[in-house]
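Thanks for making the time this morning.

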Amino acid sequence: MSGTEHLTVRRVGATLVLTLNRPEARNALSLPMLVGLYDGWLAADEDDAIRSIVLTGAGGTFCAGMDLKALAGDGMTGERYRDRLRDDPDLHWKAMLRHHRPRKPVIAAVEGHCVAGGTEILQGTDIRVAGESAVFGLFEVRRGLFPIGGSTVRLARQIPRTHALEMLLTGRPYPAREAERIGLIGHVVPDGTALEKALEIAEQINACGPLAVEAVKASVYETAELPETEGLKAELERGWPVFATADAKEGSLAFTQKRPPVFRRA
């Protein structure tokens, strides 16, 4: 699989690793990067051999948000990328996981700065790991801008409202330990090991039944805003079909035979 000049794509076992690759610009979002991200999400969804996705950044940083020079019209070069955006004006929102949710689990491996648009993409991921020197924050209000990548909707659904509003309204930086304390991220690890930890989690996911994993993820998001009775009904509709799969039978058989299961997405 190939990426773009600002995004690299590689396989590690059953995990697709997408790496934001503009370290000289702290991996600020460019049009080639956004096109590469969206293509990566689609490639993972379409390839049954891929069971998880890891999103990370090159050069010891995750993402410093939108490239403001590019936003002003200087830097979004490459006619083929412009053509993609003309063909799909929603592409940048899909790339940032605002208008697209991959069916495979997405794990963020964060080092260094993960701010503004970086923190907005982060909210579209499922599991989050950060190096201990990582910094998070939504700086838009400090620049007179609006965090339009979904944060005014998502953040208060993911962390307590008081913390969400403080992050949104002050625009201040949050060190990794504080981000972990308020629930924005799940793991803080030594600097330089976030990707290693993310791949470890991905491998644990990859060992599970893929149909079950995808159904569980879908159920969590589908029922998040439903009343409990409706959510429980929707859970049954998602969950019962999993029990009828060959993978479910294989999982039970492997348990009784004391061997690793061999899942076939069937």
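Predicted model: local features only at pLDDT ≥ 70, side-chain atom pairs only at ≥ 80, totals over all residues.

Strand β2, residues 15-20, is joined to β3 by six bridges, and the two run parallel. Residues are numbered from 1 along each chain as its sequence is written, and side-chain values use heavy atoms, with hydrogens and water left out.

Together β2, α1 and β3 make a right-handed β-α-β unit, where right-handed means that, with the strands pointing away from the viewer, the path from the first strand over the helix to the second runs clockwise. Strand β3 is also joined to strand β4, residues 106-110, by four bridges, again in parallel, and there Leu55 has Ala108 as its bridge partner.

How many of the six residues of β3 are buried? Six of the six, across residues 52-57, with buried meaning under 20% relative accessible area, exposed over 50%, and partly exposed in between, for a 1.4 Å probe and protein chains only. In a regular strand the side chains alternate between the two faces of the sheet. In β3, Ser52, Val54 and Thr56 point one way and Ile53, Leu55 and Gly57 the other, and all are buried.

Let me stay with Thr56 of strand β3 for a moment. Thr56 has a relative accessible area of 7%, and is therefore counted as buried. A polar atom of the Thr56 side chain lies 2.9 Å from the backbone oxygen of Ala109. If neighbours within four places in sequence are left aside, the residues in contact with Thr56, that is, with heavy atoms within 4.5 Å, include Val17, Leu18, Phe62, Ala109 and Leu195.

Now to the core. By a nonpolar core I mean a set of buried Ala, Val, Leu, Ile, Met, Phe, Trp, Tyr and Cys residues joined through side-chain atoms within 4.5 Å. The largest one has 47 residues, of which Leu18, Leu37, Val110, Phe136 and Leu184 touch the most other members. Helix α1, residues 31-46, gives the largest share of this core, eight residues. Not counting residues up to four places away in sequence, Leu37 touches Leu7, Leu18, Leu20, Leu55, Ala95 and Ile121. There is also a second, separate core of 12 residues, and Val129, Ala194, Ile201 and Ile205 are among them.

Finally, the charged pairs. With a salt bridge taken as a side-chain nitrogen of Lys or Arg within 4 Å of a carboxyl oxygen of Asp or Glu, the count comes to 18. Arg103 and Asp48 meet in one of these, at 3.4 Å from N to O. This pair links distant parts of the chain, 55 residues apart, with Arg103 in the loop between α4 and β4 and Asp48 in the loop between α1 and β3. Arg103 is partly exposed at 30% relative accessible area, and Asp48 is likewise partly exposed, at 42%.

The salt bridge between Asp83 and Arg86 is listed at 2.2 Å, N to O. Because these two residues are three apart in helix α3, residues 79-87, they are separated by about one helical turn. Asp83 is partly exposed, at 32%, whereas Arg86, at 51%, counts as exposed.

Which residue forms a salt bridge with Asp126? The partner is Lys217, with the closest N and O atoms 2.7 Å apart. Asp126 lies in the loop between α5 and β6 and Lys217 in helix α10, so the pair ties together parts that are 91 residues apart in sequence. Asp126 is partly exposed at 23%, while Lys217 is buried at 10%. Last, salt bridges that share partners join Asp48, Arg103, Glu214 and Arg265 into one network.

Methods:
Pairing = 2+ DSSP bridges. Polar contact = N/O pair within 3.5 Å; in protein donor to acceptor, adjacent residues only side chain to side chain.
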